Amino acid sequence: MKHSIFMKKAIKEATFGVERGDGGPFGAVIVKDGKVIAKAHNRVLKLNDATAHAEIEAIRKASKKLLTYDLSECEIYTTCMPCPMCMGAIRWANIKSVYFGATSQDADDIGFRDKEFYEKDFLELKNIQRAECLELFEMWQKKEDKRLY
Ligand SMILES: [Zn+2]
């Protein structure tokens with residue numbers, strides 16, 4: 001079964017990352033036409049980068065390799081259900097299929113906050129200087145050689 005082969009590769013990446021102390025026990029693999037395009041593991045601790053989740057790292061590598069932000073022909077295998085940030089990145093990259101191993105409850109059980117992020121909205125969102133910011137939108141709308149993504 002191909003799915004298990006790709007998940008095993010994601011698990012191997014995660015194991016490697018934990019052994020090196022790069023970050024949490026998370027790995028991801030991006031596949032296109034049955035071939036691995038990119039594999040990555042969580043590097044939050046190594047890079048001091050809160051966004052260096054396995055899925056984001058894999059998306060960046062795959063996009064660099066395929067020279068496109070559009071990964072609609074790709075699938076992602078990840079050792080844990082993507083957090084809201086990664087879920088957003090997966091959507092922005094147009095990836096349609098996500099295969100995940102552990103659940104966000106499992107991640108919660110070992111101290112990661114994914115579940116909390118899904119359940120609570122504790123951000124203070126304040127809308128300021130909208131008119132000035134909308135001028136950027138106007139500039140974008142007028143730009144003739146823009147590419148929508
Ligand atoms: Zn994530």
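**Entry 1: the whole chain**

I note at the outset that I am working with a predicted model. I began with the secondary structure and found 7 helices and 4 strands. Reading along the sequence, I wrote the order down as α-β-β-α-α-β-α-β-α-α-α. I then looked up the extent of the C-alpha trace, which spans about 50 × 35 × 25 Å along its principal axes. The protein has 149 residues, and 32% of them count as buried. For contacts with a separation of 6 or more, I found that 49% join residues 24 or more positions apart.

**Entry 2: H3 against H4**

How do H3 and H4 pack, and at what angle? I found helix H3, residues 54-66, and helix H4, residues 84-92, at an angle of about 25 degrees, with 9 Å between their axes. Angles under 35 degrees count as roughly parallel, so I put H3 down as roughly parallel to H4. I recorded their crossing as left-handed.

Next I listed who touches whom. H3 brings Glu 55, Ile 56 and Ile 59 to the contact, while H4 brings Met 85, Cys 86, Ala 89 and Ile 90. Sorting these residues by type, I got 6 nonpolar, 1 charged and no polar.

**Entry 3: the cores**

I turned to the largest nonpolar core, which has 22 residues. The residues with the most contacts inside this core are Ile 30, Ile 59, Ala 62, Leu 71, Ile 76 and Ile 95. Ile 59 was already in my notes from the contact of H3 with H4.

Which elements each supply at least two residues of this core? My list reads strand S1 (27-32), strand S2 (35-41), H3, strand S3 (74-80) and H4. H3 gives the most, with 5 residues.

**Entry 4: two positive phi values**

Leu 67 is one of them, with phi at about 55 degrees. I located Leu 67 in the loop between H3 and S3. Is Leu 67 buried or exposed? Its relative accessibility is 77%, so I counted Leu 67 as exposed.

Gln 129 also went on the page, with a positive phi near 45 degrees. Gln 129 lies in the loop between helix H6 (114-119) and helix H7 (130-142). With a relative accessible area of 48%, Gln 129 is partly exposed.

**Entry 5: Ile 11 and His 41**

Last, I went back towards the start of the chain. Ile 11 sits in helix H1, which covers residues 2-20. I noted Ile 11 as partly exposed, because its relative accessibility is 43%. How far apart are the C-alpha atoms of Ile 11 and His 41? I read 9.0 Å, for two residues that are 30 residues apart along the chain.

Terms used: Residues are numbered from 1 along each chain as its sequence is written. This is a predicted model: local features need pLDDT of at least 70, side-chain atom pairs count only at pLDDT 80 or more; totals for chains, interfaces and linings use all residues. Side-chain values use heavy atoms; hydrogens and water are left out. Axes are lines fitted to C-alpha atoms, for helices over the stretch in contact, and angles run from 0 to 180 degrees between N-to-C directions. Angles under 35 degrees count as roughly parallel, over 145 as roughly antiparallel, 65 to 115 as roughly perpendicular and the rest as oblique. A crossing is left-handed if the near helix is turned anticlockwise from the far one by less than a right angle, and right-handed if clockwise. Contact means heavy atoms within 4.5 Å. Ala, Val, Leu, Ile, Met, Phe, Trp, Tyr, Cys and Pro count as nonpolar, Asp, Glu, Lys and Arg as charged, and the others, Gly among them, as polar. A nonpolar core is a set of buried Ala, Val, Leu, Ile, Met, Phe, Trp, Tyr and Cys residues joined through side-chain atoms within 4.5 Å. Buried means under 20% relative accessible area, exposed over 50%, partly exposed in between (1.4 Å probe, protein chains only).
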